[in-house]
Amino acid sequence: MRNTDEDYLLFESLKSCAKKKDLCEGIRLHSDLQERGLLETNLYLASTLIHMYVRCGVLSEAKKLLENLPIRDVVTWSTLMTGYVRLGYPQEALFCFEKMQNDGLFPNAITFTSILKACGSIGELEKGKEMHAKIIEQGILGEETLIANAIVDMYGKCGAVAKAQEVFDELDVWTIVSWNALIAGYAQHGLGEEAMKCYERMLNKGFSPNALTFASILKACGCIGAIDKGKEIHADVMKEQLQKDLLVGNALVDMYAKCGAPTKAQQVFDELPMRDVVSWTVLIAGYAQVGHDDIVIDLFNKMIGESINPDLITCTIVLNACSHSGQLDKGEMYFKAMYSSYGIASTLHLCTCIVDMFGRAGQFSKIVLVIEKMPTSDYLPTLTTLLGACHKWGNVELGRLAFEHIVQLDEKHCSAYVLMSNIYVSVDMLEEAKTIETLRVKNKAWENPECCWTDFGGEGLLHSL
């Protein structure tokens with residue numbers, strides 16, 4: 001491998017392009033490198049060029065460049081994997097890892113860290129355990145704090161918080177990163193009390209919280225409704241002058257909203273120097289939680305007016321608000337705008353929300369049109385929502401069709417039997433109701449809180465998001 005002063009200058013130029021995200025200059029340098037045949041002889045330059053494309057977000061070009069190299073090493077593969085993880089393509093990073101292994105290459109610390117992050121982001125616990133075992137096998141766990149923290153983070157994100165705690169307790173050195181990974185894991189999975197204990201332990205050990213710590217512990221306060229503790233954390237945030245940090249600011253809005261204090265959430269929101277879709281969504285969710293549907297719709301319109309496009313969760317909340325308040329025209333208008341103006345696919349979640357809205361109004365012809373356009377009609381929440389509407393309005397024929405479809409998909413879906421039986425009882429078809437009860441016992445569809453939807457689908461949908 002040749003290394004000259006000229007190569008060094010090219011390397012520095014590529015680094016500069018990556019730092020500035022100057023894609024045009026990077027492409028020019030790429031062309032120059034190709035013409036001079038340097039990519040085939042200098043892997044260091046090739047890796048730096050891949051890094052430049054990754055930093056500029058052009059992963060397709062980075063991948064093509066790597067695949068065309070006559071020789072690849074762990075650095076070139078790890079650079080691409082890191083890019084996929086950073087830009088939200090964890091599955092692609094895992095594919096790269098398999099290909100790298102097929103090349104006979106052994107992962108380094110950066111490789112392991114990237115793959116552990118990929119596993120955490122998509123809940124690939126078994127793959128994460130496999131990586132953990134490889135790391136132990138190579139004997140590098142105690143040497144690399146970066147890897148150790150990534151293992152704690154992976155287990156936490158995958159919901160294996162007991163394992164995350166176990167790995168954390170065995171670390172030779174704790175850093176704020178490892179504490180944050182553990183606290184975030186507890187908070188993410190609704191274990192607010194455990195997150196609180198971990199936070200207090202961290203403070204007692206002399207560690208100072210940073211923005212990520214505050215965001216995680218505020219999430220924990222919100223999930224258990226600990227508003228007094230949340231106010232205490234808010235005061236600490238003010239002391240550290242982090243209230244204008246967007247991550248922390250959003251967490252404060254979310255905490256107050258989840259604790260049923262939308263007015264306080266609004267106050268924090270109004271003081272944010274910058275707001276994104278998360279800021280708007282957590283505030284809107286707070287008002288939705290306490291039934292202020294008109295404010296939800298008003299805030300949604302203001303958000304659009306500020307050129308902030310909604311995401312799937314925002315849209316779900318707003319459609320539910322339209323449904324609860326009987327504002328069908330607005331709901332239908334928003335539903336159409338979600339894919340025509342905001343680039344949000346007509347997902348099964350959103351279709352269920354609109355079915356809920358039409359169902360509350362008894363507009364079954366519109367429900368049928370929505371279901372016919374869905375990617376699949378085999379979606380239990382939509383069918384159960386339809387069955388709930390049929391129960392409300394006594395629509396026996398459509399209810400029977402929905403019931404039969406549900407039972408084909410899940411014969412133990414208890415609420416389908418309850419709703420269908422009630423539909424028959426409501427129109428004095430008592431023999432048919434007895435038949436449904438007999439079928440329920442035969443199929444052992446015992447009552448299960450996780451499958452019994454006694455209301456339409458919106459609330460269940462929002463909870464699942």
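1. In this note, Ala, Val, Leu, Ile, Met, Phe, Trp, Tyr, Cys and Pro count as nonpolar, Asp, Glu, Lys and Arg as charged, and the others as polar. By that division, the lining of the second largest pocket comprises 7 nonpolar, 1 polar and 4 charged residues. The model under discussion is a predicted one.

2. The volume of the second largest pocket is about 300 Å³. Two or more lining residues come from each of the elements α20 (328-340), α21 (348-360) and α22 (364-373). Among the residues that line this pocket are Glu-332, Phe-335, Lys-336, Tyr-339, Phe-358 and Lys-373.

3. Phe-335 counts as buried, at 10% relative accessibility, whereas Tyr-339 is partly exposed, with a relative accessible area of 45%.

4. The structure contains 12 aromatic pairs. In one of them, the rings of Phe-300 and Tyr-334 have centres 5.0 Å apart and planes at 70°; because an angle over 60 degrees counts as edge-to-face, the pair is classed as such. This pair connects distant parts of the chain, with Phe-300 in helix α18 (residues 293-305) and Tyr-334 in helix α20, 34 residues apart.

5. Phe-300 has a relative accessible area of 0% and is therefore buried. Tyr-334 is also buried, at 4%.

6. Elsewhere, one aromatic cluster is formed by Phe-168, Trp-174, Trp-179 and Phe-207.

Technical notes:
Residues are numbered from 1 along each chain as its sequence is written. This is a predicted model: local features need pLDDT of at least 70, side-chain atom pairs count only at pLDDT 80 or more; totals for chains, interfaces and linings use all residues. Side-chain values use heavy atoms; hydrogens and water are left out. On a 1 Å grid over the protein atoms alone, a cavity is a set of points where a 1.4 Å probe fits but cannot get out, and a pocket is an open set with protein on both sides within 12 Å along at least five of seven lines; lining residues have an atom within 4 Å of a point. Grid points are joined across faces, edges and corners, and a volume is the space filled by probe spheres set on the points. Helices (H or I, at least four residues) and strands (E, at least two) are DSSP runs, numbered from the N terminus. Rings of Phe, Tyr and Trp (its six-membered ring) pair if their centres lie within 6.5 Å; planes under 30 degrees apart count as stacked, over 60 as edge-to-face and the rest as tilted. Buried means under 20% relative accessible area, exposed over 50%, partly exposed in between (1.4 Å probe, protein chains only).
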